[in-house]
Amino acid sequence: MSSGGKVAVIGAGAWGTALAIQALRAGGDVALWAREPSRALVMRAMRVNARHLPDSPLPDELLVTADAEQALCGARLAILAVPTQFLGAVLDDLPPLPPCIIAAKGVEAATLRFPLEILAETHPGLPAAIISGPNFAHEVAQGLPAAAVLASTDPDLRAEATERLGSAHLRLYAGADPLGVQVAGAAKNVAAIAAGAAIGAGLGENARAAIVTRALAEIARLAVALGARADTVAGLSGLGDLMLTCAGPTSRNFSLGLAIGRGERMEDVLASRNSVAEGAATAPALLARAGKAGVEMPVCAAVAAVLQDELTVREAVEQLMGRPQKAE
Ligand SMILES: NC(=O)c1ccc[n+]([C@@H]2O[C@H](COP(=O)([O-])OP(=O)(O)OC[C@H]3O[C@@H](n4cnc5c(N)ncnc54)[C@H](O)[C@@H]3O)[C@@H](O)[C@H]2O)c1
Ligand SMILES: O=P(O)(O)OC[C@H](O)CO
């Protein structure tokens, strides 16, 4: 793969669309694959992704197609921007893939796998990386300054993909701890639901700051137990994305928590949207994965219990506050 080669972006949600615009900005040909032919047709004609990214026109050079063969033909690199819960099924149906960058954040509910683990099972031996960080799609699409980590155990892929996708708008840092990046990216969405719930229930800013900080501690604990590095969690995919996602309702995960904290039901909130909140399916899956590793995650457990209607937000907070005293 060399700078300027074709990139295929798989998944035309907000993030896939923003990354396609960013990849064009960084140079070379880009194709964006949308699952539904009718949506690909409308996006091609209107030159905008009206459903997921309505304020960012699609550059004329961007090929939008529902034909995966066409999208992937000649691609030197694929960006997989399909939500975690659908990634396995989409991968099963794709033609052969070039080296991949996964852009999803989450844990697959049915199997407790992180996204790179899903890819490793459908495509054993394929070079792969993960991109993650504090990145709202609409800001990246607009070219506002942002940073992310691009992590892979393959040094050639991380060097070349960083060069291929990065630009003066999106500063990419190479990382060698893809597992830590995936743990952080999945868990921050769960923490954002907790932060939103605290604000929605009127528990105040102190509560939000406590949740974010204690979530950071439990994410680092899980990362280390799974064989990843604690300092990855202090970087863009962990602390950086917690700061962004827990800050307010621009985050879909925070806004889900906010609504739940105000007394709405998760099912009703999710049914009213056409976008994903990865933390909802990830919370119980991450908790189960942590349980298998013998790691306690009290914030994640509280979110899972509230989402499963086992506790109210206030009961969950009482449980968190009533835990035995311990050293920080
Ligand atoms: N939106 C962001 O700002 C942002 C930023 C960074 C990372 N991410 C991550 O990127 C991933 C994609 O999120 P998004 O925001 O682009 O999604 P989105 O909410 O904008 O769009 C939903 C996506 O899900 C797809 N989808 C829905 N049902 C499906 C099915 N049955 N099978 C396959 N695909 C289906 C749709 O085609 C669409 O691509 C998520 O893991 C998310 O956490 C999002
Ligand atoms: O809107 P959210 O909560 O899915 O967050 C989007 C990105 O992950 C922010 O980095």
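In helix α11, the buried residues are L236, S237, G238, G240, D241, L242, L244 and T245, a residue being buried if 20 or more other C-beta atoms, placed from the backbone, lie within 10 Å of its own, exposed if 12 or fewer do, and partly exposed in between. Because eight of the 10 residues of α11 are buried, this helix is largely enclosed by the rest of the structure. The model is predicted, with local features requiring pLDDT of at least 70 and side-chain atom pairs pLDDT 80 or more, whereas totals for chains, interfaces and linings use all residues. Residues are numbered from 1 along each chain as its sequence is written, and chains are lettered from A and ligands numbered from 1 in the order in which they are written.

Helix α11 also contributes to the shell around ligand 2, supplying its largest share, three residues. At least two shell residues come from each of α8 (178-200), α11 (236-245) and α12 (252-261); helices are DSSP runs of H or I with at least four residues, numbered from the N terminus. Around ligand 2 lie K105, P134, N135, F136, N189, A192, D241, L244, T245, S251, R252 and N253, each with its C-beta atom, placed from the backbone, within 6 Å of the ligand. Domain 1 (7-176) and domain 2 (179-321) each provide at least three residues of this shell, the domain bounds coming from an automatic or database assignment.

Elsewhere, R25 is located in helix α1 (residues 14-26). R25 counts as partly exposed because it has 18 C-beta neighbours inside 10 Å. The C-alpha atoms of R25 and H169 are 8.9 Å apart, although 144 residues separate the two in sequence.
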